[in-house]
Structures are given as structure tokens and as C-alpha cells.
Amino acid sequence: MKFTLKIWRQAGANQSGELKTYEIDNISSDMSFLEMLDVLNENLVQKGEDPVHFDHDCREGICGMCSLYINGRAHGPQRAITTCQLHMRSFNDGDTIVIEPWRAKAFPVVKDLVVDRSAFDRIIQAGGFVSVDTGGVPDANLIPIPKDTASEAMDAATCIGCGACVATCKNASAMLFVSAKVSQLAMLPQGQVERYSRVEKMVAQMDEEGFGSCTNTYACEAECPKEISVTNIARMNAEYLKSKFTSSDSFAGKS
Amino acid sequence: MPLDDNFQLDSKIPSGPLAEKWDQHKFDIKLVNPANKRKYEIIVIGTGLAGASASASLAELGYNVRAFCFQDSARRAHSIAAQGGINAAKNYQNDGDSVYRLFYDTVKGGDYRSREANVYRLSQVSVNIIDQAVAQGVPFAREYGGLLSNRSFGGAQVSRTFYAKGQTGQQLLLGAYSALSRQVAAGKVTLHTREEMLDVVIVDGKACGVVTRNLISGEIKSYSAHAVVLASGGYGNVFYLSTNAMGSNVTAAWKAHRKGALFANPCFTQIHPTCIPVSGHYQSKLTLMSESLRNDGRVWVPKDIAVSEKLRKKEMRPRDVAEADRDYYLERKYPSFGNLVPRDVASRNAKDVCDEGRGVGKTGLAVFLDFSDAINRDGRDVIEAKYGNLFDMYKQITGENPYETPMMIYPAVHYTMGGLWVDYNLMTTVPGLYALGECNFSDHGANRLGASALMQGLADGYFVIPYTIGDYLARQPYKKVSADHQAFKEAEKGVKDSIDQLLNMKGERSVDDFHRELGKIMWDYCGMSRTAEGLTKARQMVKDLKVEFEKNLKVIGSADELNQTLEKALRVKDFFELAELMIVDAFERNESCGGHFREEYQTPDGEALRDDENYRYVAAWEYLGEGKDEKLHKEDLDFEYVKLTQRSYK
Ligand SMILES: Cc1cc2nc3c(=O)[nH]c(=O)nc-3n(C[C@H](O)[C@H](O)[C@H](O)COP(=O)(O)OP(=O)(O)OC[C@H]3O[C@@H](n4cnc5c(N)ncnc54)[C@H](O)[C@@H]3O)c2cc1C
Ligand code: FES
């Protein structure tokens with residue numbers, strides 16, 4: 001297969017960037033999208049040009065490291081997969097493919113297609129955990145958890161933190177990411193003790209990082225490679241509201 | 001500096017009965033007073049299961065921790081990709097499991113090349129790991145009554161594997177990452193992402209810091225500490241193609257090796273039987289299909305080469321092969337374990353049938369994993385509920401639908417049992433330098449059982465290092481070596497020189513090109529089966545390729561920017577040295593055991609033939625300098641509790 005690639009090139013964080021055009025040929029339809037970029041980079045190195053920088057690691061859709069805005073869509077044209085799981089058979093021979101980085105104020109470009117997503121880490125640091133130290137915890141089967149609750153929590157916990165939700169949202173809102181973590185812990189008994197302070201702290205950090213607000217367009221759910229549901233956002237809004245009637249965490253949920 | 005002539009490896013295994021060793025040891029070792037812990041600083045390289053759990057636990061105790069990873073976030077360490085599950089001797093299923101049985105299975109599964117005392121401790125603390133993870137909010141699979149669910153995994157005859165869909169590694173890592181994040185917020189852990197350790201620094205014989213490269217700015221920096229903990233993962237990517245994440249590499253462990261830490265059993269690598277076969281030259285990595293699939297899938301190839309040929313040419317479809325013409329070779333050869341034989345056995349058998357010309361797929365290097373019987377028996381819904389995400393993943397990659405046509409699988413490099421030699425305290429031969437998780441050699445002998453790596457990484461990080469490091473630190477002064485010490489300056493210069501050398505070479509060939517060729521040599525001669533002749537040839541090939549690598553490499557760009565080809569070149573450089581040591585180790589071990597299969601040493605029916613009399617030891621190699629042969633030290637393995645037998649899965 002043969003393609004025309006228009007790729008965002010930007011030498012560094014404080015430099016301006018532009019779309020550059022590359023022609024590429026002899027691409028197998030069994031190749032993954034990132035393998036196609038590997039081939040391009042191999043060609044660029046041979047020509048003595050700087051290869052296109054992009055983030056990736058596991059190449060099987062779980063680490064959340066790969067990104068890429070492909071033909072105007074986060075993780076490309078297919079639903080429910082990451083860029084590293086996308087294969088060239090999803091394109092037609094001769095297509096022009098436009099490849100850009102995630103674009104959001106809170107995710108500044110580092111180089112070419114690589115962006116800085118450390119804002120997500122800081123949101124988790126603000127409260128995305130259960131405050132237990134190692135050791136001294138009860139037996140794992142002490143507290144039964146209904147199967148459905150556990151699996152709903154699992155569905156939320158499946159988020160890979162890639163940032164596609166932010167990249168795809170016209171407001172660059174991080175609500176889907178934050179609400180997935182808030183929901184997971186709010187549903188489980190282990191998360192109850194810090195339930196309300198957690199949501200407050202995480203939302204405060206989210207605002208501080210400069211993510212936009214949610215206007216319920218649901219683009220995030222549509223583009224999420226892990227199909228995280230927007231019901232998590234509704235749940236987080238409810239949790240947040242409840243937290244406002246609660247001066248601190250307590251067993252009754254109010255004190 | 002070479003070790004002196006009468007150096008003896010001391011594993012520091014505590015005396016006393018097996019079941020009491022760990023408790024007794026915890027009592028005997030020194031403690032650091034709670035108020036004094038804050039006076040010590042510990043560097044942890046890696047934020048995978050081992051590194052994240054260690055950093056969090058050490059910080060909770062009061063130590064100051066500095067943790068590093070090369071990804072953009074701690075949450076993205078390679079551990080995230082583990083699918084199948086984690087073992088623990090909880091015996092929740094009342095099916096006869098116990099700490100002793102998990103211990104026994106692990107020693108046997110490792111083909112009697114691991115230390116009894118370490119493995120027993122691993123089994124003991126396994127139960128605490130599950131408690132810890134649940135307390136963190138890890139959503140393990142549950143039964144209708146609300147209790148935790150288990151499955152049998154990797155040939156175990158009890159159900160002791162805990163899992164979270166096919167994403168167990170992800171959930172356990174996110175648990176450890178959340179504990180780590182909490183300590184970052186508390187100011188007890190300073191986290192350095194996109195920062196790669198490129199050397200370890202030793203002063204007065206003790207590890208006292210590291211030199212790193214900031215991957216964004218290229219800045220080379222020194223950090224000093226009272227102890228250094230490596231949790232940098234395995235080196236399967238020496239084979240170029242493996243199931244490991246693209247960035248996984250040996251650099252941290254290798255730099256430690258060059259500075260005096262012995263490297264143990266480097267040739268012990270695990271080839272996983274159920275991976276998606278290679279499809280072309282451009283292939284960048286291989287994808288694992290979880291081993292749990294072997295619980296319901298049946299492995300077969302045609303009995304007749306002619307039929308395989310037709311399948312390869314697509315003149316025939318798999319489902320058109322009559323039952324009588326199929327060879328379910330694992331069920332035939334191993335009636336009691338069938339499709340669930342351990343990984344090394346399953347892999348070797350797949351290679352054998354393909355070598356006979358009975359392989360399928362376009363390259364002939366694949367066997368079928370067929371679910372049609374399971375679907376007929378249990379219904380598509382049941383199979384979908386169990387394996388849906390794996391089937392989807394398979395379809396995404398291959399374009400074929402495994403509900404309708406059998407999957408095709410082939411073995412691929414997956415895990416490295418070898419690694420830095422450590423004693424019972426997880427300390428390497430360099431005082432103050434520790435190794436945890438996949439980067440040490442400790443618990444899996446010559447073959448790792450499924451669902452045991454997650455267990456080991458978390459055991460090391462949550463429940464072993466927090467105790468054992470205190471024993472060392474309690475003897476160290478509060479004042480640490482300054483990062484301005486001459487030894488740091490020298491290490492920084494060494495790092496800068498090697499970067500300059502790579503950038504200035506201006507040769508013709510790319511890093512990937514070299515790496516691919518190196519990987520092919522390793523796979524062909526030091527992979528699933530090995531011979532003295534092949535290894536001798538391979539050693540020369542690696543040497544020759546290395547000479548070319550040092551002259552003809554082409555790296556674009558500069559040192560002071562994000563430069564992914566430079567990062568790679570630095571890693572591949574270390575793979576070259578490691579590759580040669582792996583070959584030497586495989587050559588020296590004149591026996592077959594676990595994942596190490598030497599064709600010269602097999603039973604009449606083709607099974608691995610150990611030589612306990614002469615090779616019942618850990619091979620620990622000492623680096624003696626660039627281009628020099630490494631020196632072999634041996635740690636004899638004593639088996640007091642487990643009787644050495646020929647592993648049999650028939
Ligand atoms: C596809 C797959 C599936 C698996 N499934 C299972 C399973 O079901 N059950 C099971 O028990 N095991 C499984 N395993 C094995 C298991 O996942 C690994 O052995 C384990 O996760 C290794 O953990 P670790 O903490 O030792 O290292 P890793 O998770 O590899 O982490 C290494 C860390 O070190 C950092 N690092 C490395 N070098 C440097 C450096 N020089 N400077 C700075 N940082 C550095 C990295 O950034 C990373 O944070 C699987 C493995 C694979 C490949
Ligand atoms: S590279 Fe890991 S999700 Fe794509």
C-alpha cells in the first residue's frame with residue numbers, strides 16, 4: 001500500500017511547528033500503524049533526517065503511552081482501540097493520513113507528536129488512592145463485594161490514562177479520566193472512608209491543571225479506547241454535590 | 001575491581017526449619033529506629049510492580065525515596081501488560097492448596113534450579129499481597145456470593161490464581177501506583193519520569209548513587225543516596241522480538257553488572273507458547289495471548305505434512321481437516337496434563353511439530369489453538385464471557401475471527417528468569433545495591449510458572465525489601481556521599497563519552513537494523529533449543545556484529561534534546577554485551593533444564609535431561625572488563641525439602 005502522510009513536526013516545546021508531507025510506499029496491510037511509522041523513521045534515518053518522535057511502549061493497547069490524532073480522530077478511525085492496535089488494513093491504498101499530537105492546554109507538546117500528560121499524575125496524587133499502608137490490612141475475603149459492583153468498578157478502573165478523552169473534547173475536559181477513578185473507589189467498600197474528600201481534591205486539582213469544563217457532548221466516551229462510560233461523569237457529579245453537604249469524611253457520609 | 005581470589009558467594013540463607021526461616025530472620029536482622037528512617041535516602045530504579053510497591057512501602061516507613069522510570073508516567077511500566085493473574089496460597093477454594101504446595105510447585109516448575117528458602121518465603125507472603133491489593137481497591141474478579149474468584153493457571157492442579165479480567169497486571173500496577181502517588185503527595189517520594197539511569201556509582205565498595213539522563217532535555221545528572229534498589233525489569237528484548245514492551249531493556253542491570261554485581265543464569269529465558277505468530281519483517285513486537293486460553297483451547301496441527309502445506313497455501317480451511325487427520329499432540333504425549341503442560345514443554349513441542357514441516361499459517365511457524373469443542377460444549381456466550389477481550393485482540397491484530405476459525409499461535413520470548421544475583425536479602429554482590437522483580441534471578445529457577453512474576457515482584461517490593469534494607473541501612477552513617485564526589489564526576493564523564501561516541505560515529509546502519517540482526521542470532525542459536533556447535537557459531541556472529549555496531553551505526557540528532565534513536569542505541573549497546581554472556585552461559589551449562597534446552601541432553605523421548613550431579617548450581621558471572629571473558633562463580637543449590645525428580649507431565 002501507498003500513503004501520503006502529513007505529520008506535525010515541532011522541534012521542541014517552545015518552538016513553532018508545522019505539518020510536513022511524506023510519501024510512503026510498500027506498506028503491508030498487516031502492519032500496525034506504529035510499524036508504518038517505524039518504516040517511515042527508518043527511511044528518514046537513512047536520509048539523515050530526524051525521525052518523527054512519538055510515544056509508545058506496550059504496543060498492545062494497555063499502557064496508555066501511545067496517542068496520536070489521526071485524520072481528526074483520537075487513536076484513529078476505529079472504535080475502542082488505541083493507536084498501537086490500529087492496522088493499516090483500516091485504510092485504503094493511496095489515502096492521505098494527517099497525524100497530529102493531542103491538543104490541549106494541559107498537555108503541552110514536548111516534541112513532534114509527544115506531549116506532556118503529567119497533569120494526570122498530579123490529579124491521582126491529589127486523591128486517587130485509598131490511604132492504606134503496606135501490611136496490617138484485613139483478609140481479602142473479609143468484606144464480600146457483590147459481583148456486579150466489583151465488575152462495574154473494574155469497568156471504570158480499566159482506564160489507561162492515555163488522554164484521548166481530553167484530546168477529543170472541544171473543551172479539553174478531563175472529566176472522563178477523573179470520574180473513572182472517582183467512581184471505581186466510590187463503588188468499592190474500601191473507598192468509602194475518603195469518598196468525599198477524594199472527589200473534592202481530585203476535582204480541585206483537575207481545575208488547577210487547566211482542563212476545561214464538561215458540556216456533555218460525550219465525545220470522550222465515543223473516542224475512549226477502553227469504552228469508559230459517561231455514567232461515571234454523572235456519578236462523579238453526584239459525589240461532588242454530596243461532598244458539598246459534608247464537612248469531612250465520616251461514616252454517615254455527613255457530619 | 002575484580003573480586004579477590006577467595007571470594008565465596010554467600011546466599012545468607014537463614015538457618016533453621018524452612019517454615020521458620022523468614023520469621024526468624026526478620027527477628028534477627030537490624031532495625032532502623034522509626035525516627036531515624038527519615039535520615040536515609042533510597043534510590044529506586046523502576047516503577048513497575050516491584051519498584052512502585054517498594055517505593056511506596058519504603059516511603060510509608062519513613063525513608064526518603066527517589067524513584068525513576070523512563071516512561072512519561074510511573075503507571076506505564078511494562079507490568080501493566082500482564083494479563084492472566086497472580087498466584088497466592090490462600091486456599092480459598094478448599095482444593096488442597098497451601099504455602100507448602102505453592103512452594104513445591106514453584107521449585108518443581110523451575111526444574112530445581114532455584115533456592116528453596118527464597119521460594120518458600122515467596123509462597124508465605126503471597127497471601128499478604130492479595131490482602132494488600134484488595135485494601136487498595138483493586139477490583140479482582142468475584143463470585144456471586146461476593147468472595148474472590150480463582151482460576152487454575154499454567155498447569156497448576158489447584159485454583160490459586162487471582163485475576164481482574166485479562167488485565168491483572170494493569171490493576172495490580174495501578175494499585176501500587178496509587179500507593180506511590182500517595183507518597184509523592186506526602187513528599188516522601190520524589191518521582192523522576194522520563195529519566196533513565198545510565199550508571200550506578202560505587203564509593204568505598206558500596207552503592208551510593210546513580211547517574212541519569214533526562215530524556216527531554218538530555219541533561220546528565222548525579223544523585224546520591226544511602227542505598228540503590230534496581231527494579232528495572234527483564235531483558236527479553238535482547239531477542240528484538242518479544243512480548244515485552246518496546247522500551248524494556250537491560251541497561252540498569254547491566255551497568256550494575258559492569259560495576260561488580262554478578263549476573264546469574266543469564267541463559268534462562270522463558271519462551272511463551274501462546275503468542276500471535278510473526279507476520280513480516282517489519283514486525284516490532286509480539287503479542288501474547290493469555291495462557292488461560294489453554295484451559296479451553298485445544299492445540300493441534302495436521303498429522304500429515306501434505307495437509308499442512310495445503311493449509312499454508314490456503315487451498316484448504318482448518319475446519320475442513322477431518323478429526324482423524326488432526327494431531328492433538330499435547331493431549332497425545334501428555335495425557336494427564338494435556339494442553340496445560342508448563343510453558344517450556346508446550347513451546348518446545350510447537351517448535352518440534354513445525355520443524356517436522358507440520359506447522360500452519362503463511363510462514364509454517366504456527367500451530368492451531370482451537371475453541372470449537374469448547375464453544376460446542378459451553379456455548380459461545382460462556383466462551384465470550386471468559387475470553388472476549390482476548391478474542392477481540394486477536395481479531396484486531398490478525399484480521400481473523402477466532403470464534404469461527406482456530407487461532408494460530410507460536411512461541412515467543414516472554415520472560416527472563418536470569419538476572420542480577422541476589423542473596424536472601426535481595427542484595428547483589430555490591431553492598432547497598434539491591435535488585436527486585438524480574439531484574440533479579442531469585443525465585444523461578446530455570447522456568448517460571450504462570451502468574452508467579454506478579455507475585456514475586458510484589459512480594460519483593462511490599463514485603464521483603466522493607467525489612468531487609470533496614471539491616472544494611474542500620475549500619476550506615478546518616479551522612480551520605482556527596483553527588484560532587486569524584487566517583488560521580490567520572491561516571492558522568494563515562495556516560496557523556498559513550499553518548500558522544502554513538503552520535504559521532506555517523507555510520508550507515510540504523511539501530512533497529514542492528515537490533516533486529518542481533519535478535520535473530522539469539523533466537524536461532526540461543527532460543528528454544530541450543531547446541532554447543534550453534535552457540536559457538538553464535539558467539540562469533542555476535543562479536544562480529546558488535547564490531548560493526550561500534551563502527552557503522554547511524555544516530556541522528558543531538559544529545560541535548562528528546563532523541564529516541566539515541567535512547568535506543570544506548571540500550572542496544574548493552575544488549576550486545578549481554579547477548580554474549582547469555583551464549584557463554586548456555587554453552588557452559590551442559591544439561592537441559594526448564595527453558596534451557598540443549599539438544600545434546602535429552603531423554604529418549606525428547607524431554608529435558610538435567611544433570612543434577614554437575615549442574616545443580618546457580619551460575620553467577622563476574623565482569624572483568626571490556627572484551628574479557630567473564631568469570632564463573634557457582635552457588636550450589638541444596639534441596640532439603642523437595643526431592644529432585646525428572647519432571648513428568650505425562
Ligand atoms: C504480555 C505479558 C503478560 C504477562 N502476564 C503475566 C501474568 O499474567 N502473570 C504474571 O505473574 N506475570 C506476567 N508477566 C510477567 C510480568 O508482567 C513481569 O515479569 C513483571 O511485571 C515485571 O515487573 P518489574 O516490576 O520487575 O519490571 P517492569 O514492570 O518491567 O518495570 C521496569 C521499570 O523500570 C524502569 N526502568 C528500566 N530501566 C530503567 C533505567 N535504566 N532507568 C530508569 N528506569 C528504568 C521502567 O521505566 C519501569 O518503570 C507478563 C509479561 C508480559 C510481557
Ligand atoms: S503503546 Fe501502550 S497503549 Fe499503545
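Guide: Two strands pair if DSSP finds at least two bridges between them. Strands (E, at least two residues) and helices (H or I, at least four) are DSSP runs, numbered from the N terminus. With those terms, Val367(B) stands opposite Ile409(B) in S15(B). This is a predicted model: local features need pLDDT of at least 70, side-chain atom pairs count only at pLDDT 80 or more, and totals for chains, interfaces and linings use all residues. Residues are numbered from 1 along each chain as its sequence is written, chains are lettered from A and ligands numbered from 1 in the order written, and side-chain values use heavy atoms, without hydrogens and water.

Visitor: Over how many bridges do S14(B) and S15(B) pair?

Guide: Three, in the antiparallel sense; S14 covers residues 367-370 of chain B. Both belong to an open sheet of five strands in chain B, in the order S11-S15-S14-S12-S13, with antiparallel pairing. Strand S11 (269-275) and strand S13 (326-327) of chain B are its edges, each pairing on one side only.

Visitor: How do I read side chains along a strand?

Guide: In a regular strand the side chains alternate between the two faces of the sheet.

Visitor: How many bridges join S6(B) to S7(B)?

Guide: Eight, and the two strands run antiparallel. Asp199(B) has Val211(B) in S7(B) as its bridge partner. The two strands form a hairpin with two residues between them, and Asp204(B) in the turn has a positive phi of about 50 degrees.

Visitor: What joins S7(B) to S8(B)?

Guide: Five bridges, again with an antiparallel run; S7 spans residues 206-214 of chain B. Val210(B) has Tyr223(B) as its bridge partner in S8(B). Gly209(B) is partnered there by Ser224(B). This hairpin has five residues between the strands, and Gly218(B) takes a positive phi near 80 degrees.

Visitor: Why is S7(B) called largely enclosed?

Guide: Start with the cut-offs. Buried means under 20% relative accessible area, exposed over 50%, partly exposed in between (1.4 Å probe, protein chains only). Seven of the nine residues of S7(B) are buried, so the rest of the structure largely encloses this strand. S8(B), residues 220-224, is also largely enclosed, because four of its five residues are buried.

Visitor: Now the ligand. Which chains does ligand 1 lie between?

Guide: Chains A and B. A residue is near a molecule if one of its heavy atoms lies within 4 Å of it. Of the 38 residues around ligand 1, Gln71(B), Ser79(B), Met197(B), Glu438(B) and Leu454(B) come nearest.

Visitor: Which elements supply the shell?

Guide: Helix H2 (49-61), strand S6 (195-203), strand S15 (407-416) and helix H12 (453-473) of chain B each supply at least two residues. S6(B) gives the largest share, three residues.

Visitor: How do I read polar contacts to the ligand?

Guide: Look for a pair of N or O atoms within 3.5 Å. A polar side-chain atom of Gln71(B) lies 2.5 Å from an oxygen atom of ligand 1. For Ala50(B), a backbone N or O atom lies 3.0 Å from a ligand 1 oxygen atom. For Ala231(B), the distance from a backbone N or O atom to an oxygen atom of ligand 1 is 3.4 Å.

Conventions: Polar contact = N/O pair within 3.5 Å; in protein donor to acceptor, adjacent residues only side chain to side chain.
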